[in-house]
2 protein chains.
Amino acid sequence: MTPDSRTWTAPALPPLDHDAAAELRRLIDGKAKPLGALGRLEDLAVQLGAIQATTAPRAERAAILLFAGDHGMVEDGVSAYPQAVTAAMVGMILDGRATINAFARTVGAEVRVIDAGVATDLPRHPSLHGWKVRPGTRSAVREPAMTADECAQALACGAKAVERAVADGAEIVALGEMGIGNTAAASLLLHRLGPAALEDSIGRGAGHDAAGLERKRQALVAAARRWSGDDPFEVLRQFGGLEIAAMAGAALAAAAARRPVVVDGFISTAAVLAGVRLQPALLPFCIFAHGSAEKGHRLMLERLGAAPLLGLGMRLGEGTGAALALPVLRSAAAMVRDVASLAEVLGQA
Amino acid sequence: MTPDSRTWTAPALPPLDHDAAAELRRLIDGKAKPLGALGRLEDLAVQLGAIQATTAPRAERAAILLFAGDHGMVEDGVSAYPQAVTAAMVGMILDGRATINAFARTVGAEVRVIDAGVATDLPRHPSLHGWKVRPGTRSAVREPAMTADECAQALACGAKAVERAVADGAEIVALGEMGIGNTAAASLLLHRLGPAALEDSIGRGAGHDAAGLERKRQALVAAARRWSGDDPFEVLRQFGGLEIAAMAGAALAAAAARRPVVVDGFISTAAVLAGVRLQPALLPFCIFAHGSAEKGHRLMLERLGAAPLLGLGMRLGEGTGAALALPVLRSAAAMVRDVASLAEVLGQA
């Protein structure tokens, strides 16, 4: 690509605070517990502190940013559900009756929906940012999913959502999505940016049978043949989707604001994979919430060198895995804040 | 053993409600999500309903019952910490300054401490049940840890704690413990009740170095040689501990009251292993919260045919793993209660 076709550049990210991290490690080692006995929660507390540049990490106020968008590839048979389900599910989410709402209420987190590119108009709602870049992507099977300008707008839309959430007090940014057909786009991103063999990148998504999976496979083979590059911005714009580009922009903006990014499943990780390829310094700002049952997620995490916190066999999206990880993050932060030192206990023993 | 040496018999347990389970499966399959997309949370919701005999399972009000006791084997070098740390840590827990308090506050659960057998007197405290059976077990290396009567009293102490918690509204019972030396007793239980080779059952506990681990190993070899049976009640009384027998009694009483039992790590699972060997119908009432990093826990779970929910590399005890699993249980219950049906979504699509 030529420089002037790209209207977007990756933000510079702040350095991790290694002094805070070292001090946190010392504090945690001195807590009233056997050395290392909290396993990954100790590493999490240190990571939170390094990101937030503090020895008192916080994870109470979490915003789940749920990006919605449609995919032109759905016309080419990549999804088991019709495109209109995206808007219908967004309606359910805004009504508070989707799984993410049940989980978010349970763990105490706010859900904000961002319309980055749903095919139909959505009604106004206080929890909805109506920042549609365009009504769905073009079909990546036949043409670029977005123009460079649209892709840059989608990235900026994600950044704007984070800036709002941070201005409203979010200490943690969690990513979620809704978009019929978006596992197809995520598979192409894994294929090109992992990289990974296309065959290993394709899974059943929301519920293909064997025939549906074969249709999806053929569509993705055609898309991959149509364009062969691996520049991360171009891969995003070629294959989409609008909500995935927005999530990549959101992850980068969260890191720029020193907010830990809680990454959900296959689609969210694909967005972060694009974000990391655009700006490698993004990776240590990310916390991978869970390993999805969608084929390809394990491979995607391996390519990122990431180990997810939870493994519950989920493959729903919406940010549901990210929501379940929030109590783990908060417990890690509470341990640093509230637990006595071993010296105190031994002094009383 | 002769029948009259045992003053305790395992309670009969109610049947699981298979009708409720089948109806829940149907409800969950009809929710606005791909079939099976919530993985283990779907199974959890069904399990909760089968235990609670309802299609509206609940997991909001959880009592973490933390059983404390000391172990005579500590004189024989099985622990890296002195015995007095048990009482000092119980003091910290009652002060609300231990890890379990930080986690319980984070997830919204009550912590109740039961003194089943701490070696020293504990001050009165509103969150403490002072039901000490005796001040620590005898050393299982040299003699039976408890008399049959003491073991029965410890089992009854656990049952009483559950009855109180249930009377106070607990919908979920979670098990935790504190007892210097109790990984040694748990290893002997795994060895004899798993069963498993003693060598595979022994781990570093709260933090042995190589020399400490060898001392622990030698002590446990001597204990295992001293008594060779495998009757579950006798194994409990021979090897201890008081808090472990109390947890076994608590698990059985919770199941009898149709309360799901959230099992923590190595020690809690050892107690449940004893409970299951005493009354096999206990097993489906148990939810295994996490896989501990303590060597032997994986083997113990395998022997029970159990798959833990979380795997965070923790090995602290206190009920910390159980606490972290509570939001997962609650999310499963909230999904059943709050999520719209797929038919509604497709009707709007």
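**Close-up views of a two-chain predicted model**

**View 1. Where chain A meets chain B.** The contact draws on 49 residues from chain A and 49 residues from chain B. Please keep in mind, from this view onward, that the model is predicted. About 4200 Å² of area is buried between chain A and chain B, and carbon and sulfur atoms account for 69% of that area. The size of an interface is often given as the accessible area lost when the parts come together.

**View 2. Polar partners and helices at the interface.** Between chain A and chain B, 12 residue pairs are in polar contact, counting residues that are both at pLDDT 80 or more. On the side of chain A that touches chain B, at least two residues each come from α2 (40-52), α3 (84-94), α4 (99-107), α13 (320-338) and α14 (342-348) of chain A. Which helix gives the largest share of the side of chain A that touches chain B? That is α13(A), with eight residues. The interface of chain A and chain B also holds four salt bridges. In one salt bridge, E344(B) reaches R97(A), with N and O 2.8 Å apart.

View 3. Is T320(A) buried or exposed? T320(A) has a relative accessible area of 1%, so it counts as buried. Setting aside neighbours within four places in sequence, T320(A) is in contact with T99(A), I100(A), F103(A), D264(A) and M314(A). A polar atom of the T320(A) side chain lies 2.8 Å from the backbone oxygen of G317(A). Look for I64(A) as well: I64(A) and T320(A) are 256 residues apart in sequence, yet their C-alpha atoms are 9.3 Å apart in space.

**View 4. An aromatic pair in each chain.** Over all chains, the structure holds four aromatic pairs. One of them joins W227(A) and F239(A) edge-to-face, at 6.1 Å centre to centre and with 75° between the planes. This pair links distant parts of the chain, 12 residues apart: W227(A) is in the loop between α8 (210-226) and α9 (232-239) of chain A, while F239(A) is in helix α9 of chain A. Both W227(A) and F239(A) are buried. Turning to chain B, W227(B) and F239(B) also form an edge-to-face pair, with 6.1 Å between the centres and 75° between the planes. Where do the two partners in chain B sit? W227(B) is in the loop between α8 (210-226) and α9 (232-239) of chain B, and F239(B) is in helix α9 of chain B, 12 residues apart. W227(B) and F239(B) are both buried.

**View 5. A lysine over a tryptophan ring.** In chain A, the ring of W131(A) has the charged end of K160(A) over it, 4.3 Å from the ring centre. In chain B, K160(B) lies over the face of W131(B), and the distance to the ring centre is 4.4 Å.

View 6. A search of the whole structure gives 34 salt bridges over all chains. Side chains of opposite charge can pair when their charged atoms come close. One of the salt bridges brings together E23(A) and R26(A), at 2.9 Å from N to O. E23(A) and R26(A) are separated by about one helical turn because they are three residues apart in helix α1 (residues 18-29) of chain A. E23(A) is partly exposed, at 30% relative accessibility, whereas R26(A) is exposed, at 53%.

**View 7. Loops tied together around R142(A).** E75(A) and R142(A) form a salt bridge, with their closest N and O atoms 3.2 Å apart. E75(A) is in the loop between β1 (62-69) and α3 of chain A and R142(A) is in the loop between β3 (128-129) and α5 (148-167) of chain A, so the pair ties together parts that are 67 residues apart in sequence. E75(A) is exposed, with a relative accessible area of 67%, and R142(A) is partly exposed, at 48% relative accessibility.

**View 8. A strand and a loop joined in chain B.** In this salt bridge, K132(B) and D115(B) meet with N and O 2.7 Å apart. K132(B) is in the loop between β3 (128-129) and α5 (148-167) of chain B and D115(B) is in strand β2 (residues 110-117) of chain B, so the pair ties together parts that are 17 residues apart in sequence. K132(B) is partly exposed, at 26% relative accessibility, while D115(B) is buried, at 3%.

How values were computed: Residues are numbered from 1 along each chain as its sequence is written. Chains are lettered from A and ligands numbered from 1 in the order in which they are written. This is a predicted model: local features need pLDDT of at least 70, side-chain atom pairs count only at pLDDT 80 or more; totals for chains, interfaces and linings use all residues. Side-chain values use heavy atoms; hydrogens and water are left out. Rings of Phe, Tyr and Trp (its six-membered ring) pair if their centres lie within 6.5 Å; planes under 30 degrees apart count as stacked, over 60 as edge-to-face and the rest as tilted. Helices (H or I, at least four residues) and strands (E, at least two) are DSSP runs, numbered from the N terminus. Buried means under 20% relative accessible area, exposed over 50%, partly exposed in between (1.4 Å probe, protein chains only). A charge sits over a ring if NZ of Lys or CZ of Arg is within 6 Å of the ring centre and within 35 degrees of the ring normal. Contact means heavy atoms within 4.5 Å. Buried area is the accessible area (1.4 Å probe) that two parts lose on being put together, summed over both. A salt bridge is a side-chain nitrogen of Lys or Arg within 4 Å of a carboxyl oxygen of Asp or Glu. A polar contact is a pair of N or O atoms within 3.5 Å; within protein, one must be able to donate a hydrogen and the other to accept it, and residues adjacent in sequence count only if both atoms are side-chain atoms.
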